[in-house]
Amino acid sequence: MWIFGYGSIIWKPGFVFVERHPGFIRGWSRRFYQGSLDHRGVPGRPGRVVTLIEQPQAVCWGMLFRIEGSEAERVLGELDQREQGGYERFVEPVFDHREVALAEALVYVATPANPHYLGAASEAEIARQVLEAVGPSGPNLEYVLELGRALRAAEFDDPHVFAVEAHILALLAGDTTP
Ligand code: SIN
């Protein structure tokens, strides 16, 4: 079984895998548009976590994991539980840097149809919301900083994630200009 992760699954897979490869999927962009009431926020003060939005010309880089067949059912049960706050499983072809197809992988996407979807906001606004949110899995800030760190470590560019991160760091440094 193959899983493609583009958010917390990159930096905190939480399952045992036998292979991991950088790769990308086509037609999707990573955005902090999903509300989190169960991990990085609470009802009334949701955090913001990443989902994918459909964008025909876009690509989204992430990590492709292969899971042993004997582990598949258990891992899927755990991931379904972890991603239950609005995410659905999609199947997408994943490509490597030479555009060679690596695998058809499961991807968890929170579509605009789910009740916790927050949708677009400016990156400055997203940063402010992130700084105010804490949930059972920890501060929303940690989610953003860990994702930024993991994307940089893998040499994946993502102007949206890096802009949110930069606004957060500016706010933490006391800069209140929008
Ligand atoms: C993912 O990481 O692939 C899904 C979104 C998340 O759990 O952060």
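A polar side-chain atom of Glu-83 lies 2.8 Å from an oxygen atom of the ligand, a polar contact in the sense of a pair of N or O atoms within 3.5 Å. Taken alone, the ligand exposes 250 Å², of which the protein buries 97% (accessible areas by the Shrake-Rupley method with a 1.4 Å probe).

This is a predicted model, in which local features need pLDDT of at least 70 and side-chain atom pairs count only at pLDDT 80 or more, while totals for chains, interfaces and linings use all residues. Residues are numbered from 1 along each chain as its sequence is written, and side-chain values use heavy atoms, with hydrogens and water left out.

## The surrounding shell

Gly-5, Tyr-6, Gly-7, Ser-8, Ile-9, Val-50, Glu-83, Tyr-87 and Tyr-143 surround the ligand, each with a heavy atom within 4 Å of it. By class, this shell holds five nonpolar, three polar and one charged residues, where Tyr counts as nonpolar and Gly as polar.

## The largest pocket

The ligand sits in the largest pocket, meaning that more than half of its atoms lie within 2 Å of the grid points. A pocket is an open set of points on a 1 Å grid over the protein atoms alone, where a 1.4 Å probe fits, with protein on both sides within 12 Å along at least five of seven lines, and lining residues have an atom within 4 Å of a point. The volume of the largest pocket is about 350 Å³, taken as the space filled by probe spheres set on the points. Of its 25 lining residues, Ser-8, His-39, Arg-82, Glu-83 and Tyr-143 are the closest to the centre.

The lining comprises 10 nonpolar, 10 polar and five charged residues. At least two lining residues each come from strand 1 (2-5), helix 1 (8-11), strand 2 (19-36) and strand 3 (47-66), these being DSSP runs of at least four residues for helices (H or I) and at least two for strands (E).

Methods
Polar contact = N/O pair within 3.5 Å; in protein donor to acceptor, adjacent residues only side chain to side chain.
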